Amino acid sequence: MKFHVTTMGCQMNVGDGDWLTRSLIAEGFTPASDADAELFILFTCSVRDKPEQKVVSEIGRIADRHRDNPNAFIAVGGCTAQQLGTALWRRFPMVRLVFGTDGIAAAPKALARLANEPGLRLSLLDFTESYPERDQSWPEEKLPPRAFVSIMQGCDNYCAYCIVPFVRGRQKSRPLASIIAECTALAARGVREVTLLGQNVNSYGLDDSGDGTSFAALLDAVAAVPGIARIRFTTSHPKDLDDAVIERFASLPALCPALHLPVQSGSDDILRRMGRRYDTAAYLALVHKLRRARPDIALTTDFIVGFPGETEADFQATLNLVRHVGFESGFSFMYSDRPGTASERLEPKISQEVKAARLAELQRLLDERLAASLAARVGQTDTVLIEGPSRRDGASGPSWRGRDSAGRIVNLPLPGLNDATGRLVRVRIVLAKKHSLLGEAEAEHD
Ligand code: SAH
Ligand code: SF4
Ligand code: F3S
């Protein structure tokens, strides 16, 4: 059966989508385009109401297009599936599987059953006690050079605005041995870079499912896996980022000089009301220590504008923080009420107009930061991990696309190479574009 995966939301969903794709191929399914597929798998996000509306419209669109094919069906996974559950069945008869983030381990077998039993519907929505280990027996094919590796499920922080703890469950760390086994298996299939994934990776190991390994010790163990040249991780919570992890930015060459450290607001009052459990002084102290450990570290962040009660002065404090920290770039979102969260009941709500105006102003500033950060790269040298051919060829022949050590996209010509995918190349940056860089190879770096 031919299947097509659509992924919305964060890297947790991307990682889950990649795993399910590999597992379905191992089960005998074939990946296909949206037009050719009969099985449609959606990884959904409920973090704001917009992505949630997108889920419903996407299911409707698939159902419309494939109404005449009796074999076609839809499986919905990820956070909206966990949240809406079997209510999706009533609304969309074509949905025959709903699975949550713990249920995904059983999804490949469930999909194989559904393909053979047309009348059947299944739901995999229970949360498990410990990290639900997933089968890793993939076909022996070469994989793309970058992979996501899940190190934990769930989140215990209950930030006032956030639905994640409700849809991803309590924090459950994955045992060190299985993480290392997966990294080793990925490296054997050509993976050079892993991104360790969790909602709050800095508290890895500190829950009942943990085996006592700290996040810093996990980084050491992953860095020791032969073939893994680069390590990244996301997401970090400022309250849990400790000195041991900061020190790894100085001592582990494989740890990339980039950190996504969501700050959410530059106002101490708003941070307190968000339940973030740090203030701007603590955040700035972390930035200082990170830069001391790794002067070239690229810091990125997330912001929410228009949290209930956010004043103009609070918002100005956020803009000041952006100027002060010198972020490489950042994501910013308009606050959106989520069902069941603490801030759903907080007043006063900020009007849509004010939220939109604040968002536009913050985004303008963040765009300026990104342009300045990219421009500052021109003339610098760095190592680029090639991910594949560029969409457009350069004047001097085929062009390749990869990422520098901080994760910025770099395009570069590599004359005379048939397949550069997976290579680490020493590159000099020659031009900054709006969202990417253009480079020239200095020497092969493998
Ligand atoms: N675990 C991560 C990411 C959580 S979701 C963390 O702790 O930062 C990703 C981002 O979505 C958050 O950082 C936040 O900026 C944004 N977000 C979460 N809930 C939101 C809401 N209700 N409204 C608007 N943005 C939200
Ligand atoms: Fe949500 Fe906060 Fe957990 Fe991040 S740390 S997932 S923002 S509750
Ligand atoms: Fe969205 Fe779930 Fe990620 S709500 S941001 S897909 S954890």
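Rings of Phe, Tyr and Trp (its six-membered ring) count as a pair if their centres lie within 6.5 Å. Keep that in mind as you look at this predicted model, where a search of the whole structure turns up 10 aromatic pairs.

**The cluster**
- Y278, Y283, F303 and F327 come together as one aromatic cluster.
- Within it, Y278 and Y283 make a tilted pair, with 6.3 Å from centre to centre and 40 degrees between the planes.
- Y278 is buried, because its relative accessible area of 9% falls under the 20% cut-off.
- Y283 counts as buried too, at 1% relative accessibility.

**F233 and F249**
- To describe a pair of aromatic rings, you give the distance of the centres and the angle of the planes.
- For F233 and F249, the centres are 5.9 Å apart and the planes sit at 50 degrees, so this pair is tilted.

**Arginines over rings**
- R48 lies over the face of F333, 3.7 Å from the ring centre.
- R96 lies over the face of F73, and here the distance from the ring centre is 4.5 Å.

Notes. Residues numbered from 1 in each chain as written. Chains lettered and ligands numbered in written order. Predicted model: local features only at pLDDT ≥ 70, side-chain atom pairs only at ≥ 80, totals over all residues. Heavy atoms only, no water. Phe/Tyr/Trp six-rings, centres within 6.5 Å; stacked < 30°, edge-to-face > 60°. Buried < 20%, exposed > 50% of the residue type's maximum accessible area, 1.4 Å probe, protein only. Lys NZ or Arg CZ within 6 Å of the ring centre and 35° of its normal.
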